[in-house]
4 protein chains.
Amino acid sequence: MHIAIIGASGYTGGELMRLLANHPSAEVVCATSRKQGGLPVAAVHPHLRGLTDLAFQNIDVDDIDADFAFLAVPHTAAMKVAGALLERGIKTVDLSADYRLPKDIFEKVYGVPHEAYFDAPYGLPELHRDEVRDAAFVANPGCFPTGATLAVAPLAEHAHTIIFDSKTGVTGAGNTPSETTHYPNVGDTFSAYKWTKHRHLAEMKQEVAKLGSGARCYFTPHLLPVNRGILTTAHILLNEPMEQGEVEALYRKFYEDEFFVRYQKPTLAAVRGTNFCDVAVESEGDRVVAVSAIDNLVKGASGQAIQNMNIMCGFDETAGLRLAGMLP
Amino acid sequence: MHIAIIGASGYTGGELMRLLANHPSAEVVCATSRKQGGLPVAAVHPHLRGLTDLAFQNIDVDDIDADFAFLAVPHTAAMKVAGALLERGIKTVDLSADYRLPKDIFEKVYGVPHEAYFDAPYGLPELHRDEVRDAAFVANPGCFPTGATLAVAPLAEHAHTIIFDSKTGVTGAGNTPSETTHYPNVGDTFSAYKWTKHRHLAEMKQEVAKLGSGARCYFTPHLLPVNRGILTTAHILLNEPMEQGEVEALYRKFYEDEFFVRYQKPTLAAVRGTNFCDVAVESEGDRVVAVSAIDNLVKGASGQAIQNMNIMCGFDETAGLRLAGMLP
Amino acid sequence: MHIAIIGASGYTGGELMRLLANHPSAEVVCATSRKQGGLPVAAVHPHLRGLTDLAFQNIDVDDIDADFAFLAVPHTAAMKVAGALLERGIKTVDLSADYRLPKDIFEKVYGVPHEAYFDAPYGLPELHRDEVRDAAFVANPGCFPTGATLAVAPLAEHAHTIIFDSKTGVTGAGNTPSETTHYPNVGDTFSAYKWTKHRHLAEMKQEVAKLGSGARCYFTPHLLPVNRGILTTAHILLNEPMEQGEVEALYRKFYEDEFFVRYQKPTLAAVRGTNFCDVAVESEGDRVVAVSAIDNLVKGASGQAIQNMNIMCGFDETAGLRLAGMLP
Amino acid sequence: MHIAIIGASGYTGGELMRLLANHPSAEVVCATSRKQGGLPVAAVHPHLRGLTDLAFQNIDVDDIDADFAFLAVPHTAAMKVAGALLERGIKTVDLSADYRLPKDIFEKVYGVPHEAYFDAPYGLPELHRDEVRDAAFVANPGCFPTGATLAVAPLAEHAHTIIFDSKTGVTGAGNTPSETTHYPNVGDTFSAYKWTKHRHLAEMKQEVAKLGSGARCYFTPHLLPVNRGILTTAHILLNEPMEQGEVEALYRKFYEDEFFVRYQKPTLAAVRGTNFCDVAVESEGDRVVAVSAIDNLVKGASGQAIQNMNIMCGFDETAGLRLAGMLP
């Protein structure tokens, strides 16, 4: 199957190429970039030297010749081309935020009108696999909502309050230098940001509600001095106290058939570079601490996008994604 | 004034010596160490070379000749010598956990009998300055409880639930190599530990209760890939919603006369190496996020111990502690 | 082909398992460990959970049932079992230092008698592929010598003096906690160690001499606050000045058929997790700076061991090793 | 004494303010900034909150009212105002590169004409204290040349070749975000830059020559994933072999009266935040490895500038600079 990556010079574009290089049924034939058009991919992604001979193309969506597309562009950029891809019959996973939320909520949260709205499945396969299977266009979840939702899904209906305290690596901010990503502002330090107002909260609320939970949700993210990974500590306040054994059994049962969700003590290192989400829980009666770890660029973006592609195209869901993390 | 540091070869001992090297009224004359007796202090603390000619002494408390003592020893070691110091009239700040809690709670939390209990003020000067002023022996607070308590003190009485989500640097684990502190287990990764059962929770509950709050308290610590610092994110659920302006005014008022508590966006970098605690708050109605940042070895240990000494001895409370952080 | 990994609980054992999990023709059937015998592999290597169901076995070499073995044990431990493996017809790559040097030099450098010496090819395939192909037992090179030798091989014969200034990640020190690997002794700092006396210098001298060079060789390693990777800066003093174009052409020609050696600006990030060695050169007339980057656990150990296995067994030399690095 | 800092919003400006906050005889009364004029200093340097009430002023040099000035501006900016300061009788230390080199070499190395050249002492007090004492204007050395020169000064005359292999923290690149300082390009990686052509080499050659040495000098810098510090490994090739004892004695003798140069194993941690330069040597006969460690922002910039001010003004040379490093 021929793959096009639209917006391939960023981190998620690079990850798509890294992971697809080992996919048995998919081959990247087109990598677009507005800024890097003409440059060899390896000039921007030196880790791919020797593994791809592609050059970036600065071309329009109408000129792309592929069977499947990934939209690895910023929010509001995806909505400009999504329709054209669908009309041409190119199945697509959109890594942007443009189709993750209902139109009105999107417009409120992102503060822009949505020019080309349509419904799309929310591509968290562990919760919405059947919808993904039948779709021609899938909205890939945000990085924080992926880890947060998987951390609480088995227990959400038993909670009245959920506080997501997340800690992310710097690649979540993209590859454009800024004050936020300036090394001396991150290295050997730590801080919270967007303490109560991060846009990803809307996705978390949506998914928790879909799980039949009436829990109030809160979210505070922090910036870690590491490149990759999100560890989410979910503080779950229960309607009724539950014992450790009961809670743990719920989790093990909920995820027993999920290849990419592992029940073990989460650390960023064990999932680094992989599509795994490690989760575990500890109950102290009325509060349960549920922790999840993902690689924000893989399960939180490009890996999950490939997982969705695999489902949409009838491939083994784990094709190209059976990599072990790099630990240490 | 002549100072003895009992247990001077560890991190808190080193910090006491670093900070006291610039104290106008105090001079370290005795630095004890069981293991390093006879070695120059600078052989263990190379950053102090040129600033001290002391050598470690392997001596008993009875042989110490000093006006003031710091106990920088592990818990259960302090209780073995505290009485002797008091009998000899040597004012003392104890950095261990031995006198921070009521006897019964100490014994339950630490799982050991207390051999030599007496009451001592809890040396968090911003809350208990008057008790410290009159004391001959002060229990220096734990590192997590210091940052956690200062983060919520102005608002505690308005809360029904407080969840402390703390992130600490590695020096909190001391200078003895272990699996926990092995670089490849910490570098470029992140994880939670003692998710519901950290012993410092007892101090937090004690201080929140003293503030007249009936809030339930929960605590989950995490290990950061940095050497120093604790950032505590306190998720405070209020009895009644409060606006941002009201909450912020409470904090500014509460700490307006406190030199070491600054109202500004907390980061580990801005307090690194200093006795400052930076705090700020953000309200979203029924939840307030209060964040504090301290250096675990300074405001969380040795700096606060010197602050207590200054109060106990009638010195300017900031003597030796007016250092700016090292940023970046 | 059935693989046994002898000493599988350490970092190089874990890397062998991580990489072999994606090998098309090899399957690990036995992972031995003296200390962890009986434990699931995933209990020690959590990144492998879901990818292997093996448990560590505490068994003797005589009881191993496999076609091929990797010795991932410390020096002096390999010599105790190498003979038995050979006698049983099990082809072997030895990751220890025991067979990399002539007997007399080994005994001098390592300060121990060699109990069971025999000649073995030095498994740096880019220089000794033919010897490796025919061998039943190959000595896998040290991590520093791999990067250092590849950095200078094309130019060695033109040099009179070569100074290797290397910087390594912490995993080179193994997975046993020590003062050296204690996070606060490494994080946010940097230092040189074994300034003139590192044992790997003997391998570097050996390989430079084999290249027909009479250059004097010097070596100083440093410890980086990173987990993985060795960057070697080789300062090459030439017999006769050479222009940049000439030097660069030499390198490009020398490595043009080598999949695992890429001519591009070396950084640790671009080779992290991979078997690549990135090299480049810059001439200023009589001095050439040649820099190489490898992952110490992959091209510097387990990846190169699998590369050797592939050659010894007639597999595609890159089988299981076509992974892209994880950048960033 | 009233101090003006011209260009106070950058890292070296912040360090000048941090260190002068503890100086017994100097008070910063004016901190200029083109961009931040009007803002409180603590808004840009949050670590200084509570220690200074100054605001940045966007004023011309002619309007500065001070006894002493520090020029903490980029190269070519200093030459525009140096003359005016001198005419007004304001003693000055210039932290830029504008007066470190002879006019012709400056113009060649920096590729710009020098508009306002005059001779100024090179402010490395350990080598040029007498010239500094009598000067009204001192050129503060570059960060790399400070560490490099102090590493080899005692031995330079015995060398025929010196290769400086330096490793620096990221703050050396200043506080403006760029590709170079983007966290994911630095964190958990390592690389060389300007392999043969860094401009600081000219200062190193100048100082080595002044020491009476005919040694050829080479220089390759590298970028470390740390905020502060430069470790320089000087590979010194000797005219005649020298024993360890002889070399070490040379160093101890050379620096025996220097408060800021300590003979001990150099690490970045032990000098972090301080004006110390730690040095040590190891001989293997014809090569000596000399290593130095400094904090690039202190001994490599602002601390040395204050040291020069102390000498120029007749203060104790260590005034304001007796701080211990922060280890760990």
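# Close-up views of a predicted four-chain model

**View 1. The surroundings of C143(A).** Beyond its neighbours within four places in sequence, C143(A) is in contact with H200(A), I230(A), I294(A), N296(A) and G300(A). The model shown here is predicted. C143(A) belongs to helix α6 of chain A, which covers residues 143-152. Is C143(A) buried or exposed? C143(A) counts as buried because its relative accessibility is 16%, and the cut-off for buried is under 20%. In an unreviewed entry, UniProt places the feature "active site" at C143(A).

**View 2. T189(A), a residue that meets chain B.** T189(A) sits in the loop between α7 (183-186) and β7 of chain A. Its relative accessible area is 5%, so T189(A) is buried. Which residues does T189(A) touch, not counting those up to four places away in sequence? From chain A there is P225(A). From chain B there are V226(B), T267(B), L268(B), A269(B) and R272(B). Two backbone nitrogens of chain B deserve a look here. The side chain of T189(A) reaches the backbone nitrogen of A269(B) at 2.9 Å. A polar atom of that side chain also lies 3.3 Å from the backbone nitrogen of L268(B).

**View 3. The contact between chain A and chain B.** Chain A gives 42 residues to this contact, and chain B gives 42 residues. About 3,700 Å² is buried between chain A and chain B, with carbon and sulfur atoms giving 61% of that area.

**View 4. Polar links between chain A and chain B.** Eight salt bridges are counted between chain A and chain B. One of them joins the side chains of D165(A) and K167(B), at 3.2 Å from N to O. The count of residue pairs in polar contact between chain A and chain B is 30, with both residues at pLDDT 80 or more. Several elements of chain A each supply at least two residues of the side that touches chain B. The strands among them are β6 (159-168), β7 (191-192), β8 (216-223), β9 (230-242), β11 (277-283) and β12 (285-294). Helix α10 (268-271) of chain A is listed with them. The largest share comes from β8(A), with five residues. By class, this side of chain A has 20 nonpolar, 11 polar and 11 charged residues.

**View 5. The contact between chain D and chain C.** Here, 42 residues come from chain D and 42 residues from chain C. The area buried between chain D and chain C is about 3,700 Å². Carbon and sulfur atoms give 61% of it. D188(D), F190(D) and W195(D) supply 19% of the area that chain D buries against chain C, more than any other three residues.

View 6. How many salt bridges are counted between chain D and chain C? The count is eight. In one salt bridge, the side chain of K197(D) meets that of E282(C), at 3.3 Å from N to O. Residue pairs in polar contact between chain D and chain C number 32, both residues being at pLDDT 80 or more. The elements of chain D that give two or more residues to the side touching chain C include β6 (159-168), β9 (230-242) and α10 (268-271). On this side of chain D, β8(D) gives the largest share, five residues. The classes on this side are 20 nonpolar, 11 polar and 11 charged residues.

**View 7. Helix α5 of chain C and its packing.** Helix α5 of chain C spans residues 125-133. Its buried residues are P125(C), E126(C), H128(C), R129(C) and V132(C). What do the buried residues of α5(C) pack against? Their helix partners in chain C are α6 (143-152), α8 (201-210) and α11 (298-313). Their strand partners are β5 (137-139) and β10 (261-263) of chain C.

**View 8. D104(A) on helix α4.** D104(A) lies in helix α4 of chain A, residues 103-110. Is D104(A) buried or exposed? D104(A) counts as exposed because its relative accessibility is 55%, and the cut-off for exposed is over 50%. H114(A) is 10 residues from D104(A) along the chain. The C-alpha atoms of D104(A) and H114(A) are separated by 8.6 Å.

Note on methods. Residues numbered from 1 in each chain as written. Chains lettered and ligands numbered in written order. Predicted model: local features only at pLDDT ≥ 70, side-chain atom pairs only at ≥ 80, totals over all residues. Heavy atoms only, no water. Contact = heavy atoms within 4.5 Å. Buried area = accessible area lost by both parts, 1.4 Å probe. Salt bridge = Lys/Arg side-chain N within 4 Å of Asp/Glu carboxyl O. Polar contact = N/O pair within 3.5 Å; in protein donor to acceptor, adjacent residues only side chain to side chain. Helix = DSSP H or I, 4+ residues; strand = E, 2+ residues; numbered from the N terminus. Nonpolar A, V, L, I, M, F, W, Y, C, P; charged D, E, K, R; others polar. UniProt positions renumbered as here; feature names shortened; annotations may be inferred. Buried < 20%, exposed > 50% of the residue type's maximum accessible area, 1.4 Å probe, protein only.
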